[in-house]
Structures are given as structure tokens and as C-alpha cells.
Number of protein chains: 2
Amino acid sequence: MNFGDSLTVVNLGVAAFGENVATAGGRCVSLAWQPPGQGDPQAARDLAAALADPRIDKANATAFARFLAARPGLVDIAAARDAIPAMRGARLVLHAGPPIAWTDMCGPMRGAILGAVVLEGWAGDVDAARKLVDRGQVELAPCHHHGAVGPMAGIVCPSMPVFVVENGAGGTRAVSNLNEGLGKVLRFGANAPAVIERLRWQRDVLAPTLRAALARTGPIELLPIMAQALTMGDEVHNRNAAATALLFKRIAPALVGGDVAGDAAAAALAFLAGNDHFFLNLSMAACKAMLDAAHGVAHSSLVTVMARNGVNFGVRLSGTRERWFEAPANPIEGLYFPGYSVADAAADLGDSAITETAGLGGFAMAAAPAIVKFVGGSADDALHHSLRMREITIGSNPAFALPALDFAPGAAGIDARKVVDRGILPIINSGIAHREAGVGQIGAGVTTAPMACFVKAVEALARESS
Amino acid sequence: MNFGDSLTVVNLGVAAFGENVATAGGRCVSLAWQPPGQGDPQAARDLAAALADPRIDKANATAFARFLAARPGLVDIAAARDAIPAMRGARLVLHAGPPIAWTDMCGPMRGAILGAVVLEGWAGDVDAARKLVDRGQVELAPCHHHGAVGPMAGIVCPSMPVFVVENGAGGTRAVSNLNEGLGKVLRFGANAPAVIERLRWQRDVLAPTLRAALARTGPIELLPIMAQALTMGDEVHNRNAAATALLFKRIAPALVGGDVAGDAAAAALAFLAGNDHFFLNLSMAACKAMLDAAHGVAHSSLVTVMARNGVNFGVRLSGTRERWFEAPANPIEGLYFPGYSVADAAADLGDSAITETAGLGGFAMAAAPAIVKFVGGSADDALHHSLRMREITIGSNPAFALPALDFAPGAAGIDARKVVDRGILPIINSGIAHREAGVGQIGAGVTTAPMACFVKAVEALARESS
């Protein structure tokens with residue numbers, strides 16, 4: 001080429017360099033590149049070591065194969081105290097995300113815990129409940145420490161009914177609470193008498209009714225429902241309309257002509273028919289059971305947990321077992337309900353990112369253009385989200401085929417090394433809670449897991465493996 | 001340009017001209033263009049007259065507005081003889097498509113008519129039924145002559161239950177039979193005792209059960225279900241999994257705790273839960289009611305009926321009222337079930353193209369990439385099908401938004417003039433019946449309405465208007 005030729009420049013990193021080219025009359029495409037490991041030389045060295053370590057690749061293959069082999073099924077609906085050994089006789093309340101002290105919790109989580117204390121009858125009202133918790137007389141722990149998951153505040157307390165999901169092949173078992181619907185609900189921090197009343201109804205009427213149906217249907221395989229829902233516009237995190245309808249079709253015939261009283265059956269069916277999010281909690285428990293099957297493989301950099309407590313985002317890897325790697329949660333870009341803005345929003349909250357960890361939700365956006373409309377964006381954005389996640393995953397899951405990508409299997413199995421190396425963050429679809437307890441959902445949007453979690457996780461893995 | 005420059009040529013029409021350019025070393029893009037009206041000068045003059053006639057544009061606007069304003073609702077499930085006045089006391093059997101003589105009918109339609117005669121008890125078995133029909137002692141008429149529609153053979157006989165759909169605003173009313181599921185069924189020409197038995201069960205158990213549910217739910221608005229199904233992977237013709245699930249959610253709670261016997265309710269729900277096509281017939285009746293609202297507007301070139309009798313494809317326009325414009329049906333390009341090929345296939349059959357006439361089915365393929373997999377093709381093909389239909393429609397229907405096209409309203413309201421002028425044929429999704437009665441469905445695919453129907457229709461409209 002000659003000096004006189006026009007220049008077209010690709011600029012990596014600092015955008016200002018590219019601007020100079022443009023000012024001088026050249027064409028410049030700036031790429032948002034930054035050095036892996038957020039520019040920290042030690043992190044880059046740890047990453048290089050981890051990327052070059054064949055034990056990690058081997059461990060990932062083992063862990064990912066266990067994840068793919070999982071076949072989660074709904075086997076029971078039980079009281080949490082019967083499904084979670086540590087809850088028997090204990091004043092234990094589980095919450096979403098990594099561990100966090102009562103005094104550090106966000107408004108919705110605090111409100112939800114107080115509601116749980118009232119539901120359990122440990123205190124007569126919310127004020128009395130607050131005093132009890134302030135005095136340290138209620139034990140608090142993450143759901144994930146007890147094989148559980150819960151959306152938003154993620155509260156599970158002893159008398160609360162839970163879905164029991166078993167992956168017989170992998171020997172794993174996960175539980176989740178029952179979805180309460182929208183509006184003022186415990187998971188968004190509401191704890192008014194009507195909220196507690198609904199939870200009592202779920203415990204005393206809904207759960208026994210669904211349990212009776214389940215006794216007639218037998219265990220319900222969840223992967224086929226999730227797979228079919230992906231062909232019906234759900235990404236099975238923020239949109240569960242199809243999965244809920246498919247579950248409803250399985251449950252309803254078992255409630256007709258059985259032993260369940262007609263009014264209880266009718267109320268249960270009306271509740272399910274009116275709550276398109278009902279399947280979410282089952283999806284979460286299924287994902288948890290699938291990922292737990294892959295957990296604890298030494299050296300594996302497979303991400304088995306992503307969860308948020310409303311303050312911090314926490315990540316666990318298969319190979320680093322029970323360790324959490326945390327960082328402040330990223331803000332949520334989304335659409336707010338009329339009258340609300342980002343200033344009203346709590347930080348990213350809930351265990352529901354377990355669905356993204358398993359390749360659903362944001363990873364499966366291509367299946368759910370309606371979600372993009374809800375959170376802002378175009379149908380093309382949805383395709384690109386799903387395609388981009390291929391860059392940071394170990395493989396793909398044929399059980400989760402994406403119709404709009406010609407039924408290509410969905411990207412699944414996040415490799416923490418790839419996240420750090422490629423600077424691409426896992427995409428998470430999320431509801432947005434009001435920062436104050438009890439207001440409820442104020443929007444929905446897309447966020448990402450924070451990079452620092454993955455940098456710390458890779459550092460830890462590299463050092464454990466060195 | 002200079003003689004020495006390289007040439008890039010766009011070739012219209014006969015492909016051989018373009019091949020010469022390529023042979024001489026030039027680049028050539030051949031477009032599959034042909035003169036409007038299939039090259040017939042009189043047809044081209046009629047088309048030119050119709051395109052220039054402002055009365056037609058005005059009539060189309062009126063007709064299309066009536067179509068858009070329609071709000072079809074399921075108001076009853078009744079015996080056909082109670083819903084179709086001409087059936088009272090008559091040996092009348094309705095069939096799909098334009099009129100056709102008994103001796104000219106295809107195998108599946110003949111088999112289905114014989115089954116209907118047995119079902120009605122006019123003959124004791126199929127052989128006796130054939131003699132009765134051969135002697136002309138059973139009256140045969142198109143569904144469309146009696147405000148009815150039926151998929152495939154489209155059989156409606158007096159004792160058969162029908163969905164009654166009313167568009168209160170437009171004063172129209174349409175009926176359709178109840179879907180029997182897949183396998184050996186009357187609509188594919190099967191008439192063995194098990195087929196008749198299922199039809200009796202539908203008449204004696206299913207229909208009264210659904211009717212009792214409908215009495216409790218009240219009329220069920222169909223557009224919201226169809227609109228929601230489009231966001232859930234249905235095009236509401238060949239794929240009705242979501243629409244059926246949504247209908248199921250409406251029906252099931254009304255069957256619990258009501259007056260219906262538990263075993264009847266359980267059997268009805270099990271049937272619906274096991275038949276993802278159940279909503280098809282309701283979709284067809286809804287489309288018929290919507291299009292009938294637009295029918296009979298003088299001068300309008302809006303297509304209000306497309307229907308196939310297994311031999312011929314027939315079209316009606318709003319402005320030419322009860323006249324049929326027919327041509328031999330096009331073959332169906334599709335995927336065949338193992339062991340079958342195009343040699344086994346009956347010609348395109350059924351009234352279900354009423355869904356395409358209303359902007360669903362092939363027109364809404366963008367909503368249903370799973371259909372493309374079923375019939376052959378890619379997700380991009382699905383988008384292009386829906387986009388191409390914009391070229392031949394009067395407008396679009398905001399009630400039928402297509403998620404994968406960023407919720408653009410679906411193309412709707414076929415203008416026969418545009419079909420002829422642009423040489424673009426309406427796309428139709430269709431099941432494929434075996435050419436012999438009783439074998440059943442052997443595949444599914446995509447076909448097009450034949451051009452000659454539209455050429456004849458435009459000629460007739462132009463002459464009526466001249």
C-alpha cells in the first residue's frame with residue numbers, strides 16, 4: 001500500500017486512540033477489548049496457567065458429561081423441614097445468594113425474612129420478628145448451603161412447602177419453594193398479612209393438593225417440559241408461560257376424579273392458571289439438581305452456581321467446591337414499570353441465575369423474543385445473546401435446542417477461564433425488585449455476572465491446582 | 001462505462017438469456033419473473049383495470065376494516081343439526097373445499113363420507129354406506145356453503161358436535177367439527193369401527209363435558225388465545241400446541257368441582273392433554289367468522305376463502321360473493337413419515353387454509369420455527385415466508401404480532417390483484433394425507449395456492465365491475 005491510500009484501522013482497547021485516527025480523516029473501528037483478568041498481571045498469569053492445565057480440561061469434560069446426563073424429576077412436594085435435614089427443630093431461614101449478615105442485607109431480603117418469621121409463628125408480628133432476628137435468635141443461611149434455591153429473596157423456612165427434585169442418575173436432590181405469583185409477595189420483601197395468608201394457603205391447600213396430583217401422575221420428568229417450553233417462547237427463567245401451561249396439562253387431569261376435594265382442586269388449578277411464573281421455581285430446582293451432579297470434580301472450572309443476595313453476586317466452581325467468589329452485583333439494564341426508575345431498584349437479587357448457569361434464561365434468549373420486548377431490545381439481540389454465550393461455555397446441551405437458531409443446542413456449562421480470557425460476561429435475565437421491602441417487582445431486565453467473581457475463581461483454581 | 005468494463009446483468013424471465021451472459025464471462029442474476037396473468041393478454045388487461053379501479057381499493061378498505069374489527073368467541077358446542085339449519089331432518093354431509101361430485105372425490109374424502117354415513121346410522125356398515133351414496137341418497141355439499149369449516153376431508157354430519165363461534169360485532173357465526181387427534185381418524189378418510197367409536201365418544205361424552213365447562217366459563221374469546229399462541233411457537237394452523245394448552249387452562253378449572261361426572265371430566269381432559277392439534281378446528285372457525293365479516297363487500301378483491309377438496313383448490317373473493325374460482329391443487333413440498341413418499345400423497349386437502357386466508361399458518365411462519373423443522377427448511381425461511389406475504393396483502397393485523405420480526409403485525413388480507421400482479425402465491429402449511437382412505441397422515445409440508453384461481457377471480461371481478 002502507499003502512503004496516499006485511505007486507511008481503515010481496527011483499534012483495540014482505549015477508544016481515544018481510535019478517535020485520533022477518525023480526526024485525521026481515517027476510518028476506525030474500535031473494539032471493546034481489554035486485557036484478561038481486568039489488567040492485573042497476577043490474574044493474567046493465573047489465567048494462563050489455568051488455560052494450559054490439561055487437568056482442568058479433563059475435569060471439565062467429566063463435570064460437563066455429568067451435567068448433560070442429569071434427568072431431574074419432580075418426585076415430591078414436602079414441608080421444607082422434612083426435605084432439609086438441618087431445618088428439623090431449628091429456627092433456620094434460608095435466603096438467596098452467597099452468605100450475608102442480617103445487618104448487611106437489602107430491604108427486600110430483610111422484609112422477606114421477617115415475613116418468614118411471622119409465617120413460622122416465631123413472632124406474632126413483623127416488629128416482634130425484627131427484634132428476634134436483631135437478637136440473633138433466627139439462624140440465616142444461603143439456600144445453596146442446603147441444596148435449595150429460591151427466586152429473588154429466596155426465602156425457605158421450615159413449614160414452607162418445597163418442590164423436591166431428584167436427578168436419580170446423578171444421585172442429586174434439590175428443592176425450591178413454590179412460586180407465589182406477582183404483586184405483593186414474600187420473595188420481593190412483602191410481609192403484610194395478605195402475603196402471609198397466601199403462604200398459609202399454599203402450605204395448607206395448594207401443596208397437599210399438588211402432592212395428591214403428583215401421587216397419581218408419578219414423578220414428572222422436567223427436562224422434556226423445559227425442552228418443549230424452549231420451542232414455545234420461554235427461556236424458562238423470566239418467561240415460563242409455556243412451561244407452566246405444560247405442567248398444568250400434566251397436573252389437571254390428575255386432580256379430576258381423584259380424592260382431592262373439588263374446591264381445593266379448583267382453587268389450586270385457578271392459582272396455576274393465573275400464574276405464568278409458576279414453573280420458574282421448578283426450573284430452578286431442576287437446574288440446581290443438574291449442576292450439583294457436576295459439582296465437586298477436582299480441578300474443574302465449570303461454574304455450578306451463580307447467585308445474588310441483593311448486595312453481592314456469588315459464583316462457585318465445580319473444582320473449588322463450597323467456596324464462594326463474590327463481587328458487587330452489576331446494575332440491571334431494563335424496562336421499569338410506570339412510575340419507577342433505576343433509582344428505586346434493589347441490586348440484582350435471587351438464586352434464579354441458576355437457570356443461566358445451566359444454559360437457560362439469558363443463554364436461551366433466542367428462544368424467547370417476547371422476553372426481549374419485555375426487557376428492551378430486538379429479536380436479533382436475542383439471537384446474539386445466545387450466540388455470544390457459546391464463547392464462554394464448555395459445550396452445548398442438545399436437550400435445550402433453540403428453534404430460532406435452527407434448533408442448535410443451547411450453549412451450556414460456563415467455563416470460568418473463558419469468561420476471564422474472552423472478557424465476555426454471562427448474561428442474566430432478571431426481575432427487578434424495589435429497594436424497599438414489600439413494594440414488589442418494578443421491572444425486568446438483562447444484567448451480567450460481574451467479572452471480578454470469575455477472576456477470583458480462576459485465581460483460586462490455579463493456586464489449588466499448582 | 002466502457003466496453004472494456006466487466007458486466008453485471010439482471011435477467012428477467014427466461015433463464016436461458018442469462019446463461020448466455022454467464023457463458024460470455026459476465027455475471028448474471030436471473031430473477032424468476034413472469035408477466036402477470038400467466039402471460040394471457042386478456043388477464044393482463046383485466047388486472048390492469050382492477051388495479052386502476054378506485055372502487056376496489058375503497059371496497060378493500062371497508063372489507064379489511066371489518067376483518068380487523070372481528071372478535072370471534074366460542075359461544076357453544078352443539079349438534080351440527082342444531083347449528084346448521086339445512087341439516088335438520090336432512091341426510092346432508094358437508095365436506096372440505098369447493099363443490100365436487102361424489103365420483104370425482106379423492107380417496108380420503110370418500111372414506112370419510114362413508115364413515116359419516118355409518119356414524120349417522122343411515123347405513124349399518126361401510127359397504128352399505130357406499131351403496132347409499134352411490135345411489136345419490138346422501139346430499140353432499142361444501143362446508144363453506146353452510147358457514148362451516150373442517151380440516152382435511154372436513155366432514156360435518158348432523159349428529160356430530162360442532163364448535164359454534166360468533167363474531168358478535170360483525171354478526172357472523174361459523175362452526176367447525178371437533179379435532180379427533182392423529183392416527184387413524186375420519187378427517188384422513190379412516191372409517192374403521194374404532195374411528196366411529198371415537199366419534200361417538202366425542203358426541204356423547206366429550207362434547208357435553210366441554211359444553212358444561214363452557215357454561216361455567218362463559219364465551220371464550222379466541223383472538224387473545226391465538227395472539228398469545230403466536231408468541232409461543234404456534235402459527236395456529238399446523239402447530240397448535242400452545243393454543244391448545246391455553247384453551248386447556250381455560251377449560252380445566254371449570255371441569256373441577258362442577259356438575260360433570262368425574263370420569264367424563266377426566267377423560268375429556270386426558271383427550272385434550274393428548275392432542276396438541278385440538279385448537280386447530282377452533283382457529284379455523286375463528287378465522288371463518290373473521291373473514292365472513294369481510295365477505296360480500298361489492299368490488300372487493302379481498303380473498304375470504306381458500307379451500308381444497310383434494311382435487312381442486314378454490315378461492316372466493318369478498319366482492320364476487322358465492323362464486324368459486326378453482327384450479328388443480330399444487331403439490332405439497334414437505335417431509336414424509338418413514339415409508340411414504342410424494343407418490344402416496346393425496347392432493348392438497350381441507351378447509352384449514354382459512355387460517356392462511358386470515359394471516360395465520362404459512363403467513364405467520366415467523367412465529368413457528370418448529371414448523372419449519374417439521375416441514376423442511378430453516379428458521380430464516382420462516383421469517384422470509386412471513387415477510388414475502390406482505391407483498392400480497394392489504395394490510396397487517398396488530399392482533400397477530402410476530403415475535404421474531406420484533407412483534408411486527410402479521411401480513412393479512414390477501415388482495416387477489418396483488419397475487420396476480422406480483423406473481424407471489426399465498427403460502428399454506430398443510431398436513432399430507434395418504435391418497436387412500438384410512439391410512440391417515442403421512443407427512444406435512446408447505447404448498448401454495450395455484451395462480452389460476454386468482455387470475456380467474458380478478459378477471460371475474462374486473463368484468464363485474466366494468
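Of the contacts in chain A with a separation of 6 or more, 72% join residues 24 or more positions apart; two residues are in contact if their C-beta atoms, placed from the backbone, lie within 7 Å. This is a predicted model, in which local features need pLDDT of at least 70 and side-chain atom pairs count only at pLDDT 80 or more, while totals for chains, interfaces and linings use all residues. Residues are numbered from 1 along each chain as its sequence is written, and chains are lettered from A and ligands numbered from 1 in the order in which they are written.

Buried residues make up 59% of the 466 residues in chain A, a residue being buried if 20 or more other C-beta atoms lie within 10 Å of its own. Chain A has a radius of gyration of 23 Å, which agrees with the value near 23 Å for a compact globule of 466 residues (taken over C-alpha atoms; the rule is 2.2 Å times the number of residues to the power 0.38).

Chain A contains 16 helices and 18 strands, which are DSSP runs of H or I over at least four residues and of E over at least two, numbered from the N terminus. Five strands of chain A form an open, mixed sheet in the order S6-S8-S7-S3-S9, where two strands pair if DSSP finds at least two bridges between them. Strands S6 (148-149) and S9 (220-221) of chain A each have a single partner strand, so one side of each is left without a neighbour in the sheet. S6(A) pairs with S8(A) (residues 172-177) in the parallel sense over two bridges, and Ala148(A) stands opposite Val175(A) in S8(A).

Methods. A residue is buried if 20 or more other C-beta atoms lie within 10 Å of its own, exposed if 12 or fewer, and partly exposed in between; C-beta atoms are placed from the backbone.
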